[in-house]
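Here is a short tour of a protein model, written to be read with the structure open beside it. Take a moment to turn it around before reading on.

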2 protein chains.
Amino acid sequence: MRSYAVIGTGALGGFYGAKLQHAGTDVHFLVNSDYDRIKTSGLKIRSTDGDFTLPRVNAYNRASQMPACDVVLVCLKTTHNHLLTSILPAVVKPSSIVIVMQNGLGTEAEIAQILPQQEILGGLCFICSNKVAPGEIHHLDYGQIKLGCYADGYRQAGITPIMERIAEDFRTAGIEISLNEDLLLARWQKLVWNIPYNGLSVVLDATTDRLMADPHTSKLVTRLMYEIQLIAAAYDRQITDDFIRMMLSYTIEMTPYRTSMKIDYDEGRPLEVAAMFEAPLAFARAKNIDAPQIEMLTQQLQFLNAYSLNQSKI
Amino acid sequence: MRSYAVIGTGALGGFYGAKLQHAGTDVHFLVNSDYDRIKTSGLKIRSTDGDFTLPRVNAYNRASQMPACDVVLVCLKTTHNHLLTSILPAVVKPSSIVIVMQNGLGTEAEIAQILPQQEILGGLCFICSNKVAPGEIHHLDYGQIKLGCYADGYRQAGITPIMERIAEDFRTAGIEISLNEDLLLARWQKLVWNIPYNGLSVVLDATTDRLMADPHTSKLVTRLMYEIQLIAAAYDRQITDDFIRMMLSYTIEMTPYRTSMKIDYDEGRPLEVAAMFEAPLAFARAKNIDAPQIEMLTQQLQFLNAYSLNQSKI
């Protein structure tokens, strides 16, 4: 049986880690602010798939105290990724698989810098969950994971046997998971949704339904998606027009949704601008692709992020 | 002595009209919501150039009751320009000069459609004034006017004798005024400031100093200015790089400024998106110029404007 380390026990790591442990997996949780509470009371999951409580979990507030695990799930907000340099070497052994469960682009490559010999996967999480109290997670909708293998420079790496085995662990825990031949394509596809909706929801103080109901912003969303298509194409990844149309109509049919970045903003937390906006723009710049609207949205978020962080310090 | 009609007695029309009357000019004010108050109590001006009160003014709440005047100053917010079709024919005679004192682009051409035989000027107002109560205007700073002559399709029309005479009336009233050979160039130059600062101040809830202090938004402001340079160039109007640099450093040196569009937004009034953003974009489109960041800013304002108007109806 594979052991799992969950790095960051919030809405994402708390949910997936609890599901794995609930199914009998050996899971170890790295916890930050909620350590005392989770150490004594465990995790409580309220979920559309069924509620459950884990009265006791293996909780740690220092990576150095954790055992090296077979699989390491990186579930931090990307705004805390500077911590990975010290955390990861403490929780891996040579055979460990590191899975980046975060949004955005580029974290796999950053981890490859820290741990050049390590096998690294990307896990794209399509989930709607919130931490409602320390150790209490409310899972509202979705939950699927797309798994892809990272190889140098995000070249296509196909599906490896270890991906199959890890997928089996997740499926056993009741988590839907699919295997992807091309991690970078999957990341670009996810950004097609994340960039317009996360960005505009913060800048315009709006939920997804309002952005789509207004003819001006729905046009803007579409053009932002086509800018991503252009950047991805420079890396030989094809985002089809059909895929964009599908994302648009899927969002129109969704229930009104407050994006993760909007939740962060409303809660006064730092925004994931670097991983979700700056990194894709750096990819664009490296191929001389102009993405003026993504650039503008990024600058607007950088402005709001800096201001919001200053305010919360006061 | 020339008679003046002031169409719209707010922060702008109330100030300039009162200055003209204070200097002995025959002025007639068209008033909307503040009619009763202004009819009985006149106008009160608090100004850095000196306070004064006009206990009695010629106030009208219907254009049809006004005398035809020699000069008609169009001082409405551009959001009320649909009213001009009925107002203007009632207050002009064949020899009247109509002066568009508003922000944005295109109103002179719209008026030329309504009154094809009329001589039309554009008056660009560089002024910071607010209506603080019905009939009470607070003039905070600046006040200069740039006057230019409108000719079909905004071709350059030079300086006409009537412009000189009108300028004399304003100077006698203590209003600084300069004559411009090229109205369209003057309008584009004003938009270089208005588009980035008015737009971003609303979208990002910010004053000019904060937009310039942040490196990301100050870059964005600059790129928006260069998009305007590009559109103007398609009409053979040269906005120089020096002019842009001057606007940037001028704004950095200004005291923190809440733009007129931000004031409108904060007060729940409709935004001047059509004249200040949609019209310049239509000029761009007519010459196949792509202005992606102005377009995005426009869409964001259209979204906020529609929402704000809906909210204020509730």
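This is a predicted model: local features need pLDDT of at least 70, side-chain atom pairs count only at pLDDT 80 or more; totals for chains, interfaces and linings use all residues.

One salt bridge to look up pairs the side chains of B:R223 and A:D290, with N to O at 3.0 Å. Polar contacts can be counted too, and nine residue pairs make them between chain B and chain A, both residues being at pLDDT 80 or more.

Which elements of chain B give two or more residues to the side that touches chain A? They are α6 (183-203), α7 (208-213), α8 (215-234) and α12 (292-313) of chain B. The largest share comes from α12(B), with 12 residues. By class, this side of chain B divides into 13 nonpolar, six polar and six charged residues.

The size of an interface is often given as the accessible area lost when the parts come together. Here chain B and chain A bury about 2300 Å² between them, and 61% of that lies on carbon and sulfur atoms. On the chain B side, the residues that lose the most area to chain A are B:M296, B:Q299 and B:F303, which together account for 29% of what that side buries. Each chain brings 25 residues to the contact.

Now for a look inside chain A, at a pair of helices. The axes of α6 (residues 183-203) and α8 (residues 215-234) of chain A come within 9 Å and cross at roughly 145°. The crossing of α6(A) past α8(A) is right-handed. From α6(A), the residues taking part include A:W188, A:L191, A:I195 and A:Y197, and they meet a set in α8(A) that includes A:L220, A:L224, A:M225 and A:I228. What classes of residue make up this contact? It has 14 nonpolar residues, with no polar and no charged ones.

Within chain A, A:D266 forms one with A:K262. Both A:D266 and A:K262 lie in helix α10 (residues 260-266) of chain A, four residues apart, or about one turn of the helix. The two salt bridges named in this report are set side by side below.

| Salt bridge | N to O distance |
|---|---|
| B:R223 and A:D290 | 3.0 Å |
| A:D266 and A:K262 | 2.7 Å |

Notes:
Residues are numbered from 1 along each chain as its sequence is written. Chains are lettered from A and ligands numbered from 1 in the order in which they are written. Side-chain values use heavy atoms; hydrogens and water are left out. Axes are lines fitted to C-alpha atoms, for helices over the stretch in contact, and angles run from 0 to 180 degrees between N-to-C directions. A crossing is left-handed if the near helix is turned anticlockwise from the far one by less than a right angle, and right-handed if clockwise. Contact means heavy atoms within 4.5 Å. Ala, Val, Leu, Ile, Met, Phe, Trp, Tyr, Cys and Pro count as nonpolar, Asp, Glu, Lys and Arg as charged, and the others, Gly among them, as polar. Buried area is the accessible area (1.4 Å probe) that two parts lose on being put together, summed over both. A salt bridge is a side-chain nitrogen of Lys or Arg within 4 Å of a carboxyl oxygen of Asp or Glu. A polar contact is a pair of N or O atoms within 3.5 Å; within protein, one must be able to donate a hydrogen and the other to accept it, and residues adjacent in sequence count only if both atoms are side-chain atoms.
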